[in-house]
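Please look over the sequence and the model first.

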Amino acid sequence: MSDSGAGYRVGSGISSIYDVVVSYNGDFPAAKEYYVYYDDNYADVIEDVWHATGGKELNQEYYVSQMLCQLENRGICAKVLNASELRDMVLSGGERFKALIVVSGAFPDTVYSGNAADPIIQWIDAGGKLYWAGNLLGAYVSTVNGVVSVDGYEVLFFGPGSLNSSDTEKAYGEISDNGYLHALSLMSNSIRYSLNADALSVPHLMVGYSDGSYASAVLAQ
């Protein structure tokens, strides 16, 4: 991709219908390494999800396994890191080319304590890409003994009032103008814990579904 245009290549062994959505990120490079945090020795903050008697519990292990399958289907090989390995990764440099996926609802105490000098905050500020799913971003610290709440956590990320902590859980307005909704088959319209676009001072893109302020997924720089 360049300022004059973009090129892409598509291959299929059968007749297929496809969409292409091309994103131009300027000097913000694409990730080359992908990591998923999971440590069953550390507590998580995942809301109880109803499941049929005898069915598989929808816990962190389940969500991580599904995430890895989805990434593999898209040609991305991600490495799972425990709490100690996560600290090593964020301190190893090369932040701009690394992406981290967290579905535990809390950062482990190896990288986060609720302070601006914490390794995970420094990693993000240096260009690391964080993909967060589930619960309020930065609100909890995970330890081997349980979960600790963090006061003033919003200030460390996008500022006061930037996260949806209200009872509004669903959005029904389709965000179709940027093409992501259908190209990526975004099905969930949950806006619980989502970012408030009106409160963001950084460049951002809302995708999926929106109620006018919150979106089911938000890409923020």
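The points below go from the whole chain to single elements and residues. The model is a predicted one. The protein has 221 residues, and 35% of them count as buried. Its secondary structure consists of five helices and ten strands.

**Overall shape and surface**

- The radius of gyration is 18 Å, which agrees with the value near 17 Å that a compact globule of 221 residues would have.
- Among contacts with a separation of 6 or more, 63% are between residues 24 or more positions apart.
- The accessible surface amounts to about 13,100 Å², and carbon and sulfur atoms make up 49% of this surface.

**Helix 2 and its cover**

- Helix 2 covers residues 83–90, and its buried residues are Ala83, Leu86, Met89 and Val90.
- These residues lie on the same side of helix 2, because the arc they cover around the axis is only 115 degrees.
- The elements that cover these buried residues include strand 1 (33–37), strand 2 (78–81), strand 3 (98–102) and strand 4 (107–108).
- Helix 3 is also among the elements covering the buried residues of helix 2.

**Gly128**

- Gly128 sits in the loop that runs between helix 3 (119–125) and strand 5 (129–132).
- Gly128 counts as buried because its relative accessibility is 8%, and the cut-off for buried is under 20%.
- Leaving aside residues up to four places away in sequence, Gly128 touches Glu95, Lys98 and Trp123.
- Asn82 is 46 residues from Gly128 along the chain, and the C-alpha atoms of the two are separated by 18 Å.

- Most residues other than glycine have a negative phi.
- Ser185 is not a glycine, yet its phi is positive, at about 50 degrees.
- Ser185 is located in the loop between helix 5 (180–183) and strand 9 (204–210).
- Tyr193 is likewise not a glycine and has a positive phi, of about 70 degrees.
- The loop between helix 5 and strand 9 also holds Tyr193.
- With a relative accessible area of 17%, Tyr193 is buried.

Terms used. Residues numbered from 1 in each chain as written. Predicted model: local features only at pLDDT ≥ 70, side-chain atom pairs only at ≥ 80, totals over all residues. Heavy atoms only, no water. Helix = DSSP H or I, 4+ residues; strand = E, 2+ residues; numbered from the N terminus. Rg over C-alpha atoms; globule rule 2.2 N^0.38 Å. Buried < 20%, exposed > 50% of the residue type's maximum accessible area, 1.4 Å probe, protein only. Contact = heavy atoms within 4.5 Å. Areas by Shrake-Rupley, 256 points an atom, 1.4 Å probe, with all protein chains shown as cover. Arc of directions from axis to C-beta.
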